[in-house]
Amino acid sequence: MLQNLGVAATRATLFLAAAAFLCAPTHILAQERPWSVSPCELLKNPGMYTETLVSVPGVVLVGPEQFTAHGYDCADNYGVLPLEFGGNPSDPKDRFRLPMTRLEASTVPLKKDADYDTMQRLINSASASGQTKMLRATLIGRFFPGPAVGNKAGEVRHPNPRLVISEVELVSNRIEDPVDFSPLARTIVKPAKDCETIEIAVPSRDDEDRLQRLSREPSEGLDYLGDPTQVASRAIAAQEHIAADEVASQLRPGHLEVALKNYTWTTTDGLRTYEVTVNRPYWLLPSTYTGDTVIWAPKHIVRSVCSDRVTH
């Protein structure tokens, strides 16, 4: 009899535990833990993280019309991750009137604590400068990949992904000069008639890392690495075996982006033209304590040779 009562009591306990579990969805939801994932991974496989709560460590670029997250160890080969803050709930009666992006963002609450206040201060400081700046933070939020778009080749893309921020963690206490996360361009402009385009090798990452470390020492005389014009001039001068000052006086600035600049230079006889792109590479961040001191380095160098007899 006592054994039967013990079995019944055990069954009753299990039943009550199951009932408590099933009746507490709010508590379970509150315990949802974010997946730790880089911005690059989110953009590479957006469908895997649809509406998922994620924790994204990395670098944030803030500036005029810019609020994006980037990975510490990867370029923006799959695009950039736009950011926005949550904490703006919508009225249920507006669910048929508001756009889907607004409705999605309205489901994300926002924790306003000391880290949030610090990030807001840094954003305001960057805005006041009128330039794109960089800060470091881990952002917790919900990822929305946006509508999928397919092409004739069967490729499916998500052109409008975004992370709606719910909480800010591990935010830096100051803004920094930005670095370049853009992918390496492999496209070479088609040369004119009787011309040949040649891609010239640029320093390896190991060489750039060595120069970054040496640039800390004033005795090394590497101050020129902080000037993109000088870096471009020296890269061309090394190919032409002339003084860098001769190149710098005739260097023509061209396209520029965040932490990336483009220059062209043509020899006096008009037979050779160089196009040089220099940047402040993201992979040098571990070699220095702040983005402010990341050096400029050649990213892409192309020489066009035009003559009756094309030579290398």
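User: Which residues does Thr290 touch, not counting residues up to four places away in sequence?

Analyst: First, this is a predicted model: local features need pLDDT of at least 70, side-chain atom pairs count only at pLDDT 80 or more, and totals for chains, interfaces and linings use all residues. Residues are numbered from 1 along each chain as its sequence is written, and side-chain values use heavy atoms, with hydrogens and water left out. Thr290 lies in the loop between strand 12 and strand 13 (strands are DSSP runs of E with at least two residues, helices are runs of H or I with at least four, and both are numbered from the N terminus). Leaving out residues up to four places away in sequence, and with contact meaning heavy atoms within 4.5 Å, Thr290 touches Arg136, Arg174 and Glu176.

User: Is Thr290 buried or exposed?

Analyst: The cut-offs are under 20% relative accessible area for buried, over 50% for exposed, and partly exposed in between, using a 1.4 Å probe and protein chains only. Thr290 has a relative accessible area of 4%, so it counts as buried.

User: How many helices and strands does the protein chain have, and what share of its residues is buried?

Analyst: The secondary structure comes to 8 helices and 13 strands. Of the 312 residues in the chain, the buried share is 40%.

User: Which residue stands opposite Arg136 of strand 5?

Analyst: Strand 5 runs antiparallel to strand 2, and the two pair over 10 bridges (a pair of strands needs at least two DSSP bridges between them). Within strand 5, Arg136 has an opposite number, and that's Val59.

User: How many of the residues of strand 5 are buried?

Analyst: Besides pairing with strand 2, strand 5 is joined to strand 8 in the antiparallel sense by 7 bridges, and Leu139 stands opposite Val168 in strand 8. Strand 5 is largely enclosed by the rest of the structure, because the buried count is 12 of the 12.

User: Which residue in the turn between strand 2 and strand 3 has a positive phi?

Analyst: Strand 2 and strand 3 pair in the antiparallel sense over 5 bridges, with Val62 standing opposite Phe67 in strand 3. They form a hairpin with 2 residues between them. The turn residue with a positive phi, of about 55 degrees, is Glu65.

User: What is the bridge partner of Ala69 in strand 4?

Analyst: Strand 3 is mostly covered, with 4 of its 5 residues buried. It pairs with strand 4 in the antiparallel sense over 2 bridges. In strand 4, the partner of Ala69 is Leu81.

User: How far apart are the end C-alpha atoms of helix 5?

Analyst: Helix 5 covers residues 114-129, which makes 16 residues at 1.5 Å each. The expected span is 1.5 Å times one less than the number of residues. That should come to 22 Å, and the model agrees, with the ends apart by 23 Å.

User: Why do the buried residues of helix 5 line one face, and which strands do they pack against?

Analyst: The buried residues are Tyr116, Thr118, Met119, Leu122, Ile123 and Ala126. The buried residues pack against strand 2, strand 3, strand 4, strand 5 and strand 8.

User: Which residue just after helix 5 takes a positive phi?

Analyst: At the start of helix 5, a side-chain oxygen of Asp113 reaches to within 3.3 Å of the backbone nitrogen of Asp115. Just after helix 5, a positive phi of about 75 degrees belongs to Gly130.

User: Which strands stand at the edges of the open sheet of 5 strands?

Analyst: The order in this sheet is 9-13-12-11-10, with antiparallel pairing. Each edge strand has a single partner, so one side of each is left without a neighbour in the sheet. The edge strands are strand 9 and strand 10.

User: What is the bridge partner of Tyr263 in strand 12?

Analyst: Strand 11 (residues 260-266) and strand 12 (residues 272-279) run antiparallel, joined by 7 bridges. In strand 12, Tyr263 has as its partner Val276.

Key:
A polar contact is a pair of N or O atoms within 3.5 Å; within protein, one must be able to donate a hydrogen and the other to accept it, and residues adjacent in sequence count only if both atoms are side-chain atoms.
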